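Try each task before you read its solution.

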Amino acid sequence: MIMVPPLQHGSVKLLEQSQLSPPPVYESEADFHRLFAHGPRATEELHPFVPNFPLTRKEGETRVVPLMALQVTIFPEFGICIGGWDNGLKSIFLDEWWSLASTWDEDAGPPGHSLEHKVRATFVLSQAQIERLKAWTTDQVSNDSDSTSFRASSFVLTCALIWVCLIKSEESDIKNDNDLLYFIFVADCRNRLSKCPIPDNYFGNCLSICFVRLTRKELTGENGMVEAMKVIGKRIGELEKNGPLEGAEKWMVKWKEVAERWKHVTVAGSPRLGAYDPDFGWGKPKKVEFVQIDRSVAFSVAENGNEEGGVEVGVALTSAQMSCFKSLFERNLKAWSK
């Protein structure tokens, strides 16, 4: 991406094949099955399999922003790992994006939170659990006059469940019932721009940034799951009603305000992302990980690689918070999907 002052607009520079560098290929003796299992393991264990973050460079007054970097690691007799950085919003790491756009030191690595003592794990929701959650939430909002303004999709239900569990599992003792808690996600605009349709092979990101909020009391209360589902679902419904680009000129100002003033959680991916669709000749991937959630207050969502209709959720937390989160996730999922 070529950014020319005053950095309001950019352009994509296409390189000739001879100018492209092939991705580096490494060999590892690490435990392949442990690395890509669902259970908790140290966050830094996956980092050797992701390439160094491609740094922005300056050419005079012009800023050159690499859009992607890839790395291949071979595990002899077990498999391969393809790791990459995507510098676009499709990976939806808003903390990194805002830092890159404003305060990031170009000579330093990617911004984010400390990885010390963090572990990452994957939590799976089966198709049956998703369907039971849908039935439960439909019953909960049956008397809500606004219940017809949104659809309880797998994405909405999953995000509501994880948002509640993350906030409840916080280790801080300083909590106020009136605190505003934000959840931030992006939505694909391509199929929502009826007056200007964009093809599926569009090279780039055409995304809408969505902000929703609840007070801590609302989110952690008895009906927290329902309240979270309603605000997320209704915001998605507004995209269809008002258009996905409404208020786009204020997105960055809003993000700066929320990032500086309020506690917030973001999400990477979607059950519709097709993370397990690629086939490199050996079948679908065994496991897909969103490594960047290690460095931000975020979780990842993808389709279940082993069951159609299911969902995988990735989280990276301290060991103590992970234990609490796991307990809350299992208990709430059982209670809410009877």
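Let's start with Ser208, which sits in strand 11 (residues 207–215); strands here are DSSP runs of E with at least two residues, and helices are runs of H or I with at least four, both numbered from the N terminus. The model is predicted, so local features need pLDDT of at least 70 and side-chain atom pairs pLDDT 80 or more, while totals for chains, interfaces and linings use all residues. Residues are numbered from 1 along each chain as its sequence is written, and side-chain values use heavy atoms, leaving out hydrogens and water.

**Exercise 1.** Work out whether Ser208 is buried or exposed, and find what its side chain meets.

*Solution.* Begin with the cut-offs: buried means under 20% relative accessible area, exposed over 50%, and partly exposed in between (1.4 Å probe, protein chains only). Ser208 has 0% relative accessibility, so it's buried. Finally, list the neighbours beyond four places in sequence: Ser208 touches several residues, among them Phe185, Cys189, Leu239, Pro244 and Trp251 (contact means heavy atoms within 4.5 Å).

**Exercise 2.** Explain why the Phe32 and Phe78 pair counts as stacked, and say which parts it ties together.

*Solution.* The structure holds 12 aromatic pairs. Rings of Phe, Tyr and Trp (its six-membered ring) pair if their centres lie within 6.5 Å; planes under 30 degrees apart are stacked, over 60 edge-to-face, and the rest tilted. For Phe32 and Phe78 the centres are 6.5 Å apart and the planes at 15 degrees, so the pair is stacked. Now place them: Phe32 lies in helix 1 (residues 32–35) and Phe78 in the loop between strand 7 and strand 8, so the pair ties together parts 46 residues apart in sequence. Phe32 is buried at 8% relative accessible area, whereas Phe78 is exposed at 52%.

**Exercise 3.** Take the Phe325 and Phe329 pair: where do the two residues lie, and how are their rings arranged?

*Solution.* The ring centres of Phe325 and Phe329 are 6.2 Å apart with planes at 20 degrees, so this pair is stacked. Both residues lie in helix 8 (residues 319–336), 4 residues apart, or about one turn of the helix. As for burial, Phe325 is buried at 0% relative accessibility, and Phe329 is buried at 4%.
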